[in-house]
Amino acid sequence: MTPGHGLRHPSAPAPGGAPAPDTGDATLAKAASENFPVAPAFLPRAWRDGLMAVYGFARLVDDIGDGDLAPGGRDAVLLGLDPAAADDRPAMLDALQADLLRVFGGTDGPPRHPLMLALQPVAREHRLSPAHFLGLIEANRQDQRVARYATYAELLGYCELSANTVGRLVLELTGTSTPERIRRSDAICTALQIVEHLQDVAEDLGRDRIYLPAEDMRRFHVTEADLKAPTAGASVRSLIAFETERAYGLLDEGTPLVGSVHGRLRLLLAGFVGGGRAALRAITAAGFDVLPGPPKPTRGLLLREVAAVLRTAPRKG
């Protein structure tokens, strides 16, 4: 499925009543670069549209938090701000939160951003929890305040906001949420967040962020200067190998989630787990040297890993 195919996002009015440019499709198109399929074509249309609406929100939040919005300030205008405010990340996150509250019945009119307009019917139909969306915004606020994590426990707290909320939304969207499934989903989503951090060590450092716990860096005698090298030395490779095994363990913990559901949802969740495993195999194949750029799995490797998950995930019910 082409990212965003079949989705149409009405342009929100800009201040003064002039129609604002629709930037939704550009944001949704980023789904193609993810480690796992966001809304594959085998899913029912309602699920695909719902998943893309949730993805569009999550991607927009991350783009605001990372300063990766399209140039020109269009997203700021759509959220009711001056175009120059696009570079003011806290102000943009506040404006997005205000628009999110409009999605869930705010009193000052309908949502303004096209991605929020697309999210509103999905949130209503599936009774999605606003707390999960607010968690994603809070994770990006945390990115503006916190650039280093002292311990793995601190990093897990960040993943609770930045990743686990997305998995919980998927369960709500598909009507399959239970306490046990939430626990398994949290393990998978935390693993996928760690995988992304491992792939993006160099990119994150360029933003003055390090998501490798300081306690682990000390254990493997890795300094920040080591992470700035063009290629990884032995100590950095050992650290990345350690974090890779940690992510594998989380994926193993979460994999029974795949066997607890049926039909096309089982295939979707296998895609998430298989995508994470394929990315970890790509990191391993690169000799744990992530500094030149993010190791990416081939499509063939991704398909093999998904098939392996489907073969091995224990079935329940």
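**Entry 1: helices α12 and α14**

I looked up how α12 and α14 cross in this predicted model, and I recorded the crossing as left-handed. Helix α12 covers residues 234-254 and helix α14 covers residues 263-285. Their axes come within 10 Å and cross at roughly 160 degrees.

From α12 I noted Ile-240, Thr-244, Ala-247, Tyr-248, Leu-251 and Asp-252. On the side of α14, the partners are Val-273, Gly-276, Arg-277, Leu-280, Arg-281, Ile-283 and Thr-284. Sorted by class, the contact of α12 with α14 has 7 nonpolar, 3 polar and 3 charged residues.

**Entry 2: helices α8 and α12**

I next turned to helix α8, residues 179-199, whose axis comes within 7 Å of that of α12. The two axes cross at roughly 155 degrees, which makes α8 roughly antiparallel to α12. I recorded this crossing, too, as left-handed.

Helix α8 contributes Arg-183, Arg-184, Ala-187, Ile-188, Thr-190, Ala-191, Ile-194, Val-195 and Leu-198 to the contact. Helix α12 contributes Ile-240, Glu-243, Thr-244, Ala-247, Leu-250, Leu-251, Glu-253 and Gly-254. By class I noted 10 nonpolar, 3 polar and 4 charged residues in the contact of α8 with α12.

**Entry 3: the nonpolar cores**

I asked which residues touch the most other members of the largest nonpolar core. Among its 80 residues, these are Phe-57, Leu-96, Leu-212 and Leu-227. Helix α2, residues 45-66, gives the most to this core, with 11 residues. Apart from it I noted another core, of 6 residues, including Tyr-149, Leu-155, Tyr-158 and Cys-159.

With neighbours within four places in sequence left aside, Leu-212 is in contact with Tyr-149, Leu-198, Val-201, Met-217, Leu-227, Leu-239, Ile-240 and Glu-243. Of these partners, Leu-198 of α8 also belongs to the contact with α12, and Ile-240 and Glu-243 take part in that contact from α12.

**Entry 4: Glu-215 in α10**

I located Glu-215 in helix α10, residues 214-219. Glu-215 is partly exposed, with a relative accessible area of 31%. Glu-215 and Ala-150 are 65 residues apart in sequence, and I read a C-alpha to C-alpha distance of 6.0 Å between them. Beyond the neighbours within four places in sequence, Glu-215 is in contact with Ala-150, Thr-151 and Tyr-152.

**Entry 5: positive phi angles**

Where is Arg-127 found? I placed Arg-127 in the loop between α5 (114-126) and α6 (130-145). Arg-127 has a positive phi of about 50 degrees, although it is not a glycine. I also noted that Arg-127 is exposed, with a relative accessible area of 74%.

I placed Phe-288 in the loop between α14 and α15 (299-312).

Notes:
Residues are numbered from 1 along each chain as its sequence is written. This is a predicted model: local features need pLDDT of at least 70, side-chain atom pairs count only at pLDDT 80 or more; totals for chains, interfaces and linings use all residues. Side-chain values use heavy atoms; hydrogens and water are left out. A nonpolar core is a set of buried Ala, Val, Leu, Ile, Met, Phe, Trp, Tyr and Cys residues joined through side-chain atoms within 4.5 Å. Buried means under 20% relative accessible area, exposed over 50%, partly exposed in between (1.4 Å probe, protein chains only). Helices (H or I, at least four residues) and strands (E, at least two) are DSSP runs, numbered from the N terminus. Contact means heavy atoms within 4.5 Å. Axes are lines fitted to C-alpha atoms, for helices over the stretch in contact, and angles run from 0 to 180 degrees between N-to-C directions. A crossing is left-handed if the near helix is turned anticlockwise from the far one by less than a right angle, and right-handed if clockwise. Ala, Val, Leu, Ile, Met, Phe, Trp, Tyr, Cys and Pro count as nonpolar, Asp, Glu, Lys and Arg as charged, and the others, Gly among them, as polar. Angles under 35 degrees count as roughly parallel, over 145 as roughly antiparallel, 65 to 115 as roughly perpendicular and the rest as oblique.
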